[in-house]
Amino acid sequence: MWLPFHTVCLGSRTVSRRSVAAALLKCSKHRENVSLFSHSAAAQTCKALQFRNHGDPSKVVQLEDVDLPPIGEKDVLVKMLAAPINPADINMIQGTYAILPDLPAVGGNEGVAQVVEVGRNVTSLKTGDWVIPKDTGLGTWRTEAVLAEGDVISLPNDIPLLSAATLGVNPCTAFRMLSDFEELKPGDSVIQNAANSGVGQAVIQIAAARGINTINVIRDRPEFTQLSDRLKAIGGTHVIKEEALRRPEMRELFKTCPKPKLALNGVGGQSATELLRHLQFGGSMVTYGGMAKKPVTVPVSALIFKDVKVRGFWVTQWKRDHSSDGRAFRAMLDELCQLIRQGKLTAPACTEVRLQDFNKALDAAMQPFTSAKQVFIM
């Protein structure tokens, strides 16, 4: 499942370097071919949240000591600084995600680290650089890691820590969906459900920076007014409840805001169907999540009379499709970092937690109506 890289020993098995188990749980001892760097002259360990079986995260995830291997010529030793808990991380532990690591595995697919040491043939990174994973599966819920140079990409260290830690998944997803499916111009509109999610908040801010209106749909809740005010404060044009999608008030809304060219669906089920009803002729609905765990139903009339396009997007696949030429990924990160520096793109609301408090963090991340992202601070 994982692309082969360097093979290493894990017990009596040989597994691929790019598997989570191989990349992060290597058990090689420092006997022969010890790195020339002094840091690697003695055995090192780190703390890591790993799981040996799929299941309920509160039952299968444990904080354990994990051996670090020697630093290879094209490897870097990094200290993890911060790593969030995303829905995909939970699904991977549960065993329900599209791709699953070899077990045992370290949790976490996103985060920011600082380079502590580099191998002799590393050319793109230096000590002190901030880096984030290029792909899923590096296992970021840990204090340190030895990673291949090609598995990470550098970030400027003049942006806030939480912005860096949460940059690689949600803002990239939002950026690509706003860029790749419809030609959006200033004054155009986008409609989205799950508007308070990490992706949703990034969509609001990136769209606002481009002069694009957003119609943001959220589920009703006791703190709706406070949440609505917060989404408007970061650039949301309109914030409405899901029930409003079938009400006459939508006609009033579209008197001052053009019908959307693009709908972004992170929920599925009836919510997605309602988004489709409000698309312009020939518009696109892009599905990137399915929190309702219900299929998307497309009315025949939408296909025949409105010629809507129904697409899907997975940022992991986009990164893999562009892995041979990193210029597109680099350009996207540079543009996002520039928005961060300008104060136009901020991290979602976050709760900082220590690694040892992982049970509390995992429980909070799985609660409905979660408004703050749990982020491990190492």
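K309 is partly exposed, with a relative accessible area of 34%. In this predicted model, the side chain of K309 meets that of E182 in a salt bridge, at 3.3 Å from N to O. The two residues belong to distant parts of the chain: K309 is in strand β16, whereas E182 is in the loop between α5 (170-180) and β11 (189-192), 127 residues apart. E182 counts as buried because its relative accessibility is 15%, under the 20% limit.

**Salt bridges**

- The whole structure contains 18 salt bridges.
- D135 and R320 form a salt bridge in which the closest N and O atoms are 3.0 Å apart.
- D135 lies in the loop between β8 (130-133) and β9 (144-148) and R320 lies in helix α11, so this pair ties together parts that are 185 residues apart in sequence.
- D135 counts as buried at 12% relative accessibility, while R320 is partly exposed, with a relative accessible area of 26%.
- K261 forms a salt bridge with D188, and their closest N and O atoms are 3.1 Å apart.

**Aromatic pairs**

- The count of aromatic pairs comes to four.
- One of them is the edge-to-face pair of Y97 and W314, with 6.1 Å from centre to centre and 70 degrees between the planes.
- This pair links distant parts of the chain, with Y97 in the loop between α3 (87-94) and β6 (105-106) and W314 in the loop between β16 (309-312) and α11 (315-321), 217 residues apart.
- W314 counts as partly exposed, at 28% relative accessibility.
- W318 and F329 also form an edge-to-face aromatic pair, with a centre-to-centre distance of 6.4 Å and 80 degrees between the planes.
- W318 belongs to helix α11 and F329 to helix α12 (residues 327-341), and the two residues are 11 residues apart.
- W318 and F329 are both buried.

**Charges over aromatic rings**

- The charged end of R210 sits over the ring of F175, at 4.9 Å from the ring centre.
- K241 lies over the face of F224, and its distance from the ring centre is 4.9 Å.

Technical notes. Residues numbered from 1 in each chain as written. Heavy atoms only, no water. Phe/Tyr/Trp six-rings, centres within 6.5 Å; stacked < 30°, edge-to-face > 60°. Helix = DSSP H or I, 4+ residues; strand = E, 2+ residues; numbered from the N terminus. Buried < 20%, exposed > 50% of the residue type's maximum accessible area, 1.4 Å probe, protein only. Lys NZ or Arg CZ within 6 Å of the ring centre and 35° of its normal. Salt bridge = Lys/Arg side-chain N within 4 Å of Asp/Glu carboxyl O.
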